[in-house]
Each structure stands twice: as C-alpha cells, then as structure tokens.
Amino acid sequence: MTQSDRLIFGPGPSGRRPTNGLVASIMWLGGLVATLAAMAVGAVLAVFTAAAVAVIAVFAGALVFLAGLAMRARRTMTARNRRADDVIEARKVDGTWVAYGWERPGR
C-alpha cells in the first residue's frame with residue numbers, strides 16, 4: 001500500500017496510524033477538559049431542572065388546595081341556600097313591597 005492509498009483508504013491492515021506524540025497528548029488533554037466542562041454544564045442544568053420541577057410542584061399543590069377550598073365553599077353555600085329559614089317572603093301591600101323573614105334571630 002502506497003502513501004496515497006493510505007490517505008484515501010485509511011490505515012492499512014495493521015489498523016494503527018502513526019501518532020505524533022505531542023499533538024496526540026495535547027488533543028487528549030483537550031478532550032478531557034471538554035468532557036469535564038460538558039459534565040459540569042450538565043450538572044448545573046440538572047440542578048436548574050430539578051428546581052423548576054419543585055417550583056411547579058409547589059404551585060400545583062397550592063392550586064389544588066385553593067380549588068378544594070373553592071369547592072368546599074360552594075358546597076357550603078349550596079347547603080345553606082337550601083335551608084327553609086333563609087327564604088325571604090315578600091308581599092305587595094298598598095303598592096309597596098314588604099319583605100318578611102329577613103330578620104335573623106340572635107343579631
């Protein structure tokens with residue numbers, strides 16, 4: 001295999017390329033630094049993602065709590081409106097409406 005064949009077809013049957021000692025070690029160190037930087041960025045992004053999920057969970061919990069309070073208030077008001085003692089009766093007396101039943105005892 002000639003030199004031009006090596007450039008076109010890659011390394012020969014032995015599978016090894018000739019290495020330049022200084023350049024290869026500098027490239028290896030560069031790869032190591034890039035790997036460490038990528039791991040650090042990934043760790044920071046993971047922390048931010050976990051914090052965002054925690055904030056979303058807190059807001060969702062507050063929303064469910066407030067929805068529960070609203071539903072409870074709605075049920076309470078519906079039950080209160082069904083009571084007979086809360087009904088106000090009005091009659092027309094001499095052209096004027098007069099309401100009875102709005103006075104609550106104990107006030």
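One salt bridge is counted in the protein, a salt bridge being a side-chain nitrogen of Lys or Arg within 4 Å of a carboxyl oxygen of Asp or Glu. The model is predicted, so that local features need pLDDT of at least 70 and side-chain atom pairs pLDDT 80 or more, while totals for chains, interfaces and linings use all residues. Residues are numbered from 1 along each chain as its sequence is written, and side-chain values use heavy atoms, without hydrogens and water.

The salt bridge joins E89 and R91, with 2.6 Å between the closest N and O atoms. E89 is partly exposed, at 37% relative accessibility, and R91 is also partly exposed, at 47%. Here buried denotes under 20% relative accessible area, exposed over 50%, and partly exposed the range in between (1.4 Å probe, protein chains only).

The protein contains two helices and two strands, in the order α-α-β-β along the sequence. Helices (H or I, at least four residues) and strands (E, at least two) are DSSP runs, numbered from the N terminus. Of the 107 residues, 1% are buried. The protein exposes about 9800 Å², of which carbon and sulfur atoms supply 69%; areas were computed by the Shrake-Rupley method with a 1.4 Å probe, and for residues only the protein chains shown count as cover.

A nonpolar surface patch consists of W28, L29, L32, L36 and M39, with about 560 Å² of accessible area together. Patch members have over 30% relative accessible area and no salt bridge; nonpolar side chains (Val, Leu, Ile, Met, Phe, Trp, Tyr) are joined within 5 Å, like charges within 9 Å. W28 lies in helix α2 (residues 21-82) and is exposed, with a relative accessible area of 58%.
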